[in-house]
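Welcome! Please take a look at the structure shown here, and then let us walk through it together with some questions and answers.

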Amino acid sequence: MKIAVIGTGYVGLVTAVGLAELGQNVIGTDKITEKIDKISSGDVPIYEPGLEELLKANLKKDNLSFSADLNKTIQSSDVIFVCVGTPQRGDGSADMSQMEEVSRMIAENLNSYKLVVEKSTVPVMTSMWIKRTISLYKKNEMAFDVASNPEFLREGSAVSDFLNPDRIIVGIETDKARDIMVEIYKKFKDRIIVTNIDTAELIKHASNSFLALKISYINLISELCDRTNADVEKVAKGMGLDPRIGELFLKAGLGYGGSCFPKDIRALTKIGEDLGVNVNLLKEADKINIDRIKIFVEKIKKALWILKDKKFAILGLSFKPETDDIREAPSIKVIRELLDEGALLRLYDPEAMDNMKEIFPEESPQITYAQSLYEAAEGANALLIVTEWDEFKEMDLQRVKKAMANPIIIDGRNVFELSKIRELGIEY
Ligand code: NAD
């Protein structure tokens, strides 16, 4: 069985390498030729722990390769995992143009039976459109099937998530498609859940939206805590010990970002509205998340009154730790708000600074990039923690305090224990 993986971004590259590691015969392809050249030489274009080592190891065997020739890759494959982007459109719906483009290419290169697997996150009923597009553009009577196999990996732990999945969701319509998918994932056969395609597609959107809801819920509770004597960290702990609730995703702070939760909750909202379902619960969760930035900036103003010409160290630019991904990162919104106020910003992140320089270039008048968190703190009127990298949790607070003009830390991620940090004479 030859497997093609179309799209070698965060998901596609991990999928290609992961499937090869599971012993499959894989060719990865992408429309960006430079990306393919880089990957072919064992270079990973993103920061994802463990991925480069696994890529290099699998390239050495002969079951993993990459090609920029999409047509040939499709023709030579039996199963095609589609891992292209499904970004957000202006109205909140998912932009399915990359999926459509790939469907047309598959149709034009349908030289044998192929199983087309949606790995990208797509709205429920997308498979119907893929089938219709392939049927419309194919030039022969060759048979094909579509399956849904949503991906649940998390950036930062993507390799181990792919190789140790909680569950493998497989949405299929035919026995042949089911048999192929079960064969691919035979190593995890105890974790495979086979459903129809609509169900599989919905499981992914429903899961991401639920996690987003959970974060917004604790953020709503955190506002109650801010106005009372309650400590949100302890409230979350007390709630999370109930196994029906669980401790994960109960971390109050600046809210969720990234290329998944914000767009997925909006895509589910839009498809729900289109289908006549009351989705106000999802809308409120999204609104709470958007408001987190405003609340954070209010806290900064409460500490420093006027922000114009004040110096801020901003720690953490990626949307979460252990990734260089800045898509929909809260840091971008915080930075924009502070720039509007006339503040002077010194930014630092262990991995995401190159990506951020594409949005806020080094030559921007109010921005500089620091080489370490201590350099960022030098002379700052306040230090802002935006992403909770371990490096920040382990910072030498005495050294930071000495370096700063005013020892004020405004922590968007509740990294430190309030009592301990106040003992050091830091306003927190
Ligand atoms: P990405 O933007 O990193 O990668 C998409 C890749 O597809 C890019 O390399 C792009 O060049 C390529 N591409 C686009 N159109 C193409 C075409 N016509 N032919 C060939 N290649 C094409 O996106 P991503 O983060 O990997 O996400 C991909 C999908 O997986 C999205 O639907 C996303 O919601 C979903 N997902 C993402 C994550 C995550 O953590 N990033 C997790 C689970 C699911």
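Helices (H or I, at least four residues) and strands (E, at least two) are DSSP runs, numbered from the N terminus. This is a predicted model, in which local features need pLDDT of at least 70 and side-chain atom pairs count only at pLDDT 80 or more, while totals for chains, interfaces and linings use all residues. Residues are numbered from 1 along each chain as its sequence is written, and side-chain values use heavy atoms, with hydrogens and water left out.

Q: Which glycine just after α13 takes a positive phi?
A: Helix α13 covers residues 330-340. Just after this helix, phi is about 85 degrees, and the residue with that positive value is G342.

Q: How many helices and strands are there in the chain?
A: Let us count the DSSP runs in this predicted chain. The totals are 18 helices and 13 strands.

Q: What radius of gyration does the chain have, and why does it agree with a compact globule?
A: The radius is taken over C-alpha atoms, and the globule rule is 2.2 Å times the number of residues to the power 0.38. Along its principal axes the C-alpha trace spans about 75 × 45 × 40 Å. For 428 residues a compact globule would come near 22 Å, which agrees with the chain's value of 23 Å.

Q: What percentage of the residues of the chain count as buried?
A: Buried means under 20% relative accessible area, exposed means over 50%, and partly exposed lies in between (1.4 Å probe, protein chains only). Of the 428 residues, the buried part is 53%.

Q: How far apart do the centres of the positive and negative side chains lie?
A: Lys and Arg count as positive and Asp and Glu as negative, with His and the chain ends not counted. Each charge is placed at NZ of Lys, CZ of Arg, CG of Asp or CD of Glu. The chain has 57 positive and 68 negative side chains, and the distance between the two centres is 2 Å.

Q: Why do the buried residues of α3 line one face of the helix, and within what arc do they fall?
A: In α3, which runs over residues 51-60, the buried residues are L51, L54, L55 and N58. The arc is that of the directions from the helix axis to the C-beta atoms. Seen down the axis, these buried residues line one face because they fall within an arc of 100 degrees.

Q: Which exposed residues are carried by the face of α3 turned away from its buried side?
A: The buried residues of α3 pack against α1 (10-21), α2 (33-40), β3 (64-67) and α7 (158-163). On the face turned away from that buried side, the exposed residues are E53 and K60.

Q: What is the relative accessibility of E322?
A: E322 lies in the loop between β9 and α13. Phi of E322 is near 65 degrees, a positive value in a residue other than glycine. E322 counts as partly exposed because its relative accessibility is 29%.

Q: Which residues does K31 touch, not counting those up to four places away in sequence?
A: K31 is found in the loop between β2 (25-29) and α2. At 58% relative accessibility, K31 counts as exposed. Beyond its sequence neighbours, K31 touches L70 and E101.

Q: What distance separates the C-alpha atoms of E247 and K237?
A: E247 is in the loop between α10 (232-240) and α11 (261-274). Leaving aside neighbours within four places in sequence, E247 is in contact with K237, G240 and L241. E247 and K237 are 10 residues apart along the chain, and their C-alpha atoms are separated by 6.5 Å.

How values were computed: Contact means heavy atoms within 4.5 Å.
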